[in-house]
Amino acid sequence: MGQVGVSRPEERQLSRDDVYDILSNQRRRYALHAIKQEDECAELSDLAEQVAAWENDKCIQEITSTERHRVYTSMQQTHLPTLERAGVITHDNGTVTMTDTADSLDVYLDVVPGDSIPWAEYYLGLAAVSLALVVAVWVGVFPPSVPSLVWPTVITLLFLVSAAYHVKETRRLQLGAADKPPELSE
């Protein structure tokens, strides 16, 4: 969204190395998440408070001035300049605004919770189960009384339900979509 009257730089293409460098730091991921939650524009002081709260697993009212100051200084001296050089944000007079270039970061955040498997492996397994089902039908494992359209319907429904759930989870885990940023396994 951005501020009225503030022009946003043209979107630039980030290299894969740039993206991985940006997203390799949890504080930068937290900052991007917080900025997106604030309609893509936030004050540095508010940003530092929110990031400090997430890092210390506290609500904003519970963070100490030391925790807030540590994050503020780090954001101002290291992380915001890194994000600005990459063209992901602009930082002017304490206001941090996301650019269109930041949208390209979401593609790289395939967050896999610790008790889950990556989606690519899930779909590979689903395809293997589907192939086994087709082979079982072909060799006559199932009784002929089951209509032949049942099996392709079952396979299609498996993929449809899986894809719908995948879309829902991907949207939920995007930066700025939830109350707290998604945790990446490092």
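Tryptophan 54 has a relative accessibility of 8% and therefore counts as buried, in a structure that is a predicted model. Its partner in an aromatic pair is tyrosine 30, with the ring centres 5.7 Å apart and 70° between the planes, an arrangement that is edge-to-face. Because tyrosine 30 lies in helix H2 and tryptophan 54 in helix H3, this pair ties together parts that are 24 residues apart in sequence. Tyrosine 30 also counts as buried, since its relative accessibility is 4%.

The search of the whole structure finds 3 aromatic pairs. Another of them joins tyrosine 122 and tyrosine 123, whose ring centres lie 5.4 Å apart with the planes at 80°, so that this pair, too, is edge-to-face. Here the accessibility values read otherwise: tyrosine 122, at 31% relative accessibility, counts as partly exposed, and tyrosine 123, at 22%, counts as partly exposed as well.

**Salt bridges**

Turning to charged side chains, the count comes to 3 salt bridges, which are set out below with the distance between nitrogen and oxygen.

| Residue | Partner | N to O distance |
|---|---|---|
| Glutamate 55 | Arginine 27 | 2.6 Å |
| Arginine 68 | Glutamate 49 | 3.1 Å |
| Glutamate 67 | Lysine 58 | 3.0 Å |

In the salt bridge between glutamate 55 and arginine 27, the closest N and O atoms are 2.6 Å apart. Glutamate 55 belongs to helix H3 (residues 44-55) and arginine 27 to helix H2 (residues 26-37), so the pair ties together parts that are 28 residues apart in sequence. Helices H2 and H3 are also the two that hold tyrosine 30 and tryptophan 54, respectively. Of the two charged residues, arginine 27 is buried, with a relative accessible area of 15%, whereas glutamate 55 is partly exposed, with a relative accessible area of 29%.

Arginine 68 and glutamate 49 form a salt bridge in which the closest N and O atoms are 3.1 Å apart. Since arginine 68 lies in helix H4 (residues 65-85) and glutamate 49 in helix H3, this pair ties together parts that are 19 residues apart in sequence. Arginine 68 counts as partly exposed at 26% relative accessibility, and glutamate 49 counts as partly exposed at 23%.

The side chains of glutamate 67 and lysine 58 meet in a salt bridge at 3.0 Å, N to O. Glutamate 67 is buried, with a relative accessible area of 11%, while lysine 58 counts as partly exposed at 29% relative accessibility.

Technical notes. Residues are numbered from 1 along each chain as its sequence is written. Side-chain values use heavy atoms; hydrogens and water are left out. A salt bridge is a side-chain nitrogen of Lys or Arg within 4 Å of a carboxyl oxygen of Asp or Glu. Helices (H or I, at least four residues) and strands (E, at least two) are DSSP runs, numbered from the N terminus. Buried means under 20% relative accessible area, exposed over 50%, partly exposed in between (1.4 Å probe, protein chains only). Rings of Phe, Tyr and Trp (its six-membered ring) pair if their centres lie within 6.5 Å; planes under 30 degrees apart count as stacked, over 60 as edge-to-face and the rest as tilted.
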